[in-house]
Amino acid sequence: MEIDFSLPGNSILALTGPSGAGKTTLLRQIAGLAIPGSGRVTFGQNQWLDTANGIHLPAQQRHIGFIFQDYALFPNMTVMQNLEFALTRNRNTELVGHLLETAGLTQLADRKPHQLSGGQQQRVALARALVREPELLLMDEPFAALDPDMQLQLQDLLLKLRRERPFTVILVTHDMGEIFRLADQVAIMENGRLTRIGTPGEVYLNDKIEGLLVYGEVLTLERNNETLTIHAWIDGKIRQLDIPSHLETQMQPGTRFTLHFGAGNSEIRVLKT
């Protein structure tokens, strides 16, 4: 694997690419759960890894959180106990109660993982990862197994928690909507290398569509004077559409639609999900 990149602090990087490209391995190396043959990992002013100089900071000293797709909760512990177990010495115990409340888990604090839905378990996993107040949160396809509505709820929760206390996120995902909704930057990884990195718009947007009937899903919406511009997932590609401003309330991110946008007329129909 040959990887070289830097990331602004308190930003979100989406890491995407085909299966087997090395995305999970990269997360594990950043976390200190796997050691590359050679390389360096620096976070801020802290040197976490420098194989040339024999530096390898253990994972528990890297001040990170890690969220897996399969939740990785302790089955014999309650929700509250899962969070308390992750609390390190001299940490504010009030943070556990705050995270439970913010994640909507207060009423579930005494339940064990098998008594929770998938979405509830992932809320616990997210809250537990943030109990340690990490500077960096690593997420390996955390929402992939959930239904679309639950995915949106957990994406909103992640953004809400970052507004309360900013931290950096590296997120492995194949979900284009998730990339455009969450990420400041996206990196495409292939065969152990980053082939492209930039904002989602820089990496994906290359075509505009007009004058035809399309089916798609809104990823982002931007206002420019009296015109609205949406980025939408259409026919396997990210497309850009300019639409009339009166359609703003109907074309929010996550909306699935058919749209005929041509000379002199436009018609939108929002699809029920």
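A crossing is called left-handed if the near helix is turned anticlockwise from the far one by less than a right angle, and right-handed if clockwise. Helices (H or I, at least four residues) and strands (E, at least two) are DSSP runs, numbered from the N terminus. This is a predicted model, in which local features need pLDDT of at least 70 and side-chain atom pairs count only at pLDDT 80 or more, while totals for chains, interfaces and linings use all residues. Residues are numbered from 1 along each chain as its sequence is written, and side-chain values use heavy atoms, with hydrogens and water left out.

The chain holds 7 helices and 15 strands. Of its 273 residues, 45% are buried, where buried means under 20% relative accessible area, exposed means over 50%, and partly exposed lies in between (1.4 Å probe, protein chains only). The accessible surface of the chain is about 14400 Å², and carbon and sulfur atoms contribute 45% of that. With contact meaning heavy atoms within 4.5 Å, residues 24 or more positions apart supply 62% of the chain's contacts with a separation of 6 or more.

Now to the helix pairs. Two packed helices are described by the angle between their axes and the distance between the axes. Axes are lines fitted to C-alpha atoms, for helices over the stretch in contact, and angles run from 0 to 180 degrees between N-to-C directions.

| Helix pair | Axes come within | Crossing angle |
|---|---|---|
| α2 (residues 79-86) and α4 (residues 118-131) | 8 Å | roughly 25° |
| α4 and α5 (residues 148-164) | 11 Å | roughly 15° |

Angles under 35 degrees count as roughly parallel, over 145 as roughly antiparallel, 65 to 115 as roughly perpendicular and the rest as oblique. The axes of α2 and α4 cross at roughly 25°, which means that α2 is roughly parallel to α4. The crossing of α2 and α4 is right-handed. Helix α2 brings V79, N82, L83 and A86 to this contact, and α4 brings V124, A127, R128 and V131. By class, the residues of the α2 and α4 contact are 6 nonpolar, 1 polar and 1 charged; here Ala, Val, Leu, Ile, Met, Phe, Trp, Tyr, Cys and Pro count as nonpolar, Asp, Glu, Lys and Arg as charged, and the others, Gly among them, as polar.

For α4 and α5, the axes cross at roughly 15°, so α4 is roughly parallel to α5. This crossing of α4 and α5 is right-handed. On the α4 side the contact uses G119, Q122, R123, L126 and L130, and on the α5 side M150, Q153, L154, L157, L158 and L161. The contact of α4 with α5 has 7 nonpolar, 3 polar and 1 charged residues.

Next come some single residues. I179 sits in helix α6 (residues 176-182) and is buried, at 0% relative accessibility. Not counting residues up to four places away in sequence, I179 touches A14, T16, T173, V186, P200 and Y204. I179 and P200 are 21 residues apart in sequence and 7.0 Å apart in space, C-alpha to C-alpha.

Q29 belongs to helix α1 (residues 23-31) and is buried, at 16% relative accessibility. Apart from neighbours within four places in sequence, Q29 is in contact with M1, A34, P36, V41 and R62.

Backbone angles deserve a glance too. Most residues other than glycine have a negative phi. N10, not a glycine, has a positive phi of about 60°; N10 lies in the segment before β1 (12-16) and is partly exposed at 45% relative accessibility. E141 has a positive phi near 45°, and is found in the loop between β6 (136-140) and α5.

Definitions and conventions: Areas by Shrake-Rupley, 256 points an atom, 1.4 Å probe, with all protein chains shown as cover.
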